[in-house]
Amino acid sequence: MTERKPYAITVQDLVERGRDDIPAELITSTHLIYNSPAALAFNSPGAQGFGVKRAGLSIPGSVMLLVGPGCCGRNTTILSELGGYSDRFFFYIMDETDIVTGRHLKKIPQAVCEVVDSLAEKPSVVMICMTCVDALLGTDMERVCRKAEKEAGLPVVPCYMYALTREGRKPPMVDVRRAIYSLLEKQPRHRRTVNLLGYFAPLQDDCEIYDILRGVGFTQINEISRCPDFAAYKAMSQANVNFILNPESRLAAQDMEKRLGIPSVELTRLYQVAQIHKQYQALAQVLGTEIDDSSWHERAQAVVGKMREKYSGTTVAIGEMQNGNAFEMALALTRYGFVIKEIYANLGPDDFVYLRHLAALSPATEVYSNLSPSMLYYQGQDHPVDVTIGKDAAYYHEQAAHLHWDEDIQPFGYAGVISLLQGLDRVLSERKHP
């Protein structure tokens, strides 16, 4: 009988195959998806953390009407109870007749009006969250929302929790970012104002990017998560430039450039100290100025040096349910002396820029897909590691130290590197001295 085991491939073999020959086992659209307990929390547009539903409520003063079968609202109910969103979520539960005939589309404007009338304070906007049912029906949700907006007398914006579009050009988490900035209207731009696009929670307060941007002359730095009210959100259209901090915000930035005339510059979240320095110097060239990041650079290097001395040779498994690119993080930690045994993550062509370097340093590192049915046969005890990063990796290795690294507040830049390494130091020390 053939031994059943999970599919894995080394980074060396991946690099030899090339970005145009990614194994089908690592491409979710080519096979059935296995929602293992490791993946359930994030493999959904309605996921924990900032899935479509919670992300859609990033606009200050907004509420959401979720339209779909009862099963689609299950984890929304949990989110409402745990996250303090109970007064911002409302439900239109579709029955079989709605699904067969589409009659719910005529009722949505009435439902929006009922939601607005039930609230003591009028919301700034009603977000309509649609499920896969309307994807299959081919619903023109923009038209439905225009009618609801006219009847309710306030903005009504659709956002799409369509798992079916996850592999397409506009995946749910890309399109919802476009949606939440769609209410911004053209205003005179202020030369010293910038927007940080990418996340639904703010960057860590000690992130050096705030001081760097102020140091080159920007006096107003906007993040949607730091907008105290709807007026502050609307003022984001006055920005002179958008800084894209997450590639999933590219579509939103393109839409803002087309509608509002705001150009954009993209920065990547990195955990390699040397690459962070290069990125800031490249930013200085784009802005036509100088950036002195030496104090932060030196501090990050000092923390890296201490960690290398203390933990060189420590084995690590990295998942994708964490605040970073698993492949870039693996490369960074390998350069800091850690030994990356396994990575659990979806792989795309853009990741090969990291894989090529990782293969030169750690060719035997194995890559798995959380969503491969073959993960049914994964046994963590056969692949022991000292520490895991990401909730999914923690599921596979019960006996290891665990750093979930998935908090809402976002790490970035040198501050992100220092926080990551300090987190690893903490969990490894706790495991050694419980």
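This is a predicted model: local features need pLDDT of at least 70, side-chain atom pairs count only at pLDDT 80 or more; totals for chains, interfaces and linings use all residues.
**Entry 1**

I found an open sheet of six strands, ordered 1-12-11-10-13-14, with mixed pairing. At the edges sit strand 1 (9–10) and strand 14 (401–403), each pairing on one side only.

**Entry 1: strand 10 and its neighbours**

Next I went to strand 10, residues 315–318. What joins strand 10 to strand 11? I get four bridges, and the two strands run parallel. On the other pairing, with strand 13, I get three bridges, again with the strands running parallel.

Then I looked up individual partners. Ala317 has Glu342 as its bridge partner in strand 11. Val316 stands opposite Ile340 in strand 11, and opposite Val387 in strand 13.

I also traced how the chain gets from strand 10 to strand 11. It passes through helix 14 (residues 326–335), and this β-α-β crossover is right-handed.

Are the side chains of strand 10 buried or exposed? Thr315 and Ala317 on one side are buried, and so are Val316 and Ile318 on the other, which leaves both faces of the strand covered. I jotted down the background too: side chains in a regular strand alternate between the two faces of the sheet.

What does Leu421 touch, leaving out residues up to four places away in sequence? My list reads Val303, Val304, Met307, Leu333 and Tyr336. I also checked Leu421 against Lys306: they are 115 residues apart in sequence, and their C-alpha atoms are 9.7 Å apart in space.

**Entry 2: the tyrosines**

Last, the rings. The structure has nine aromatic pairs. I opened up Tyr344 and Tyr378: the ring centres are 5.9 Å apart and the planes are at 85°, over the 60-degree cut-off, so I log this pair as edge-to-face.

Where do the two sit? Tyr344 is in strand 11 (residues 339–344), while Tyr378 is in the loop between strand 12 (366–368) and strand 13 (387–389), so the pair ties together parts that are 34 residues apart in sequence. Both tyrosines, Tyr344 and Tyr378, are buried.

Methods: Residues are numbered from 1 along each chain as its sequence is written. Side-chain values use heavy atoms; hydrogens and water are left out. Rings of Phe, Tyr and Trp (its six-membered ring) pair if their centres lie within 6.5 Å; planes under 30 degrees apart count as stacked, over 60 as edge-to-face and the rest as tilted. Buried means under 20% relative accessible area, exposed over 50%, partly exposed in between (1.4 Å probe, protein chains only). Contact means heavy atoms within 4.5 Å. Two strands pair if DSSP finds at least two bridges between them. A crossover is right-handed if, with the strands pointing away from the viewer, the path from the first strand over the helix to the second runs clockwise.
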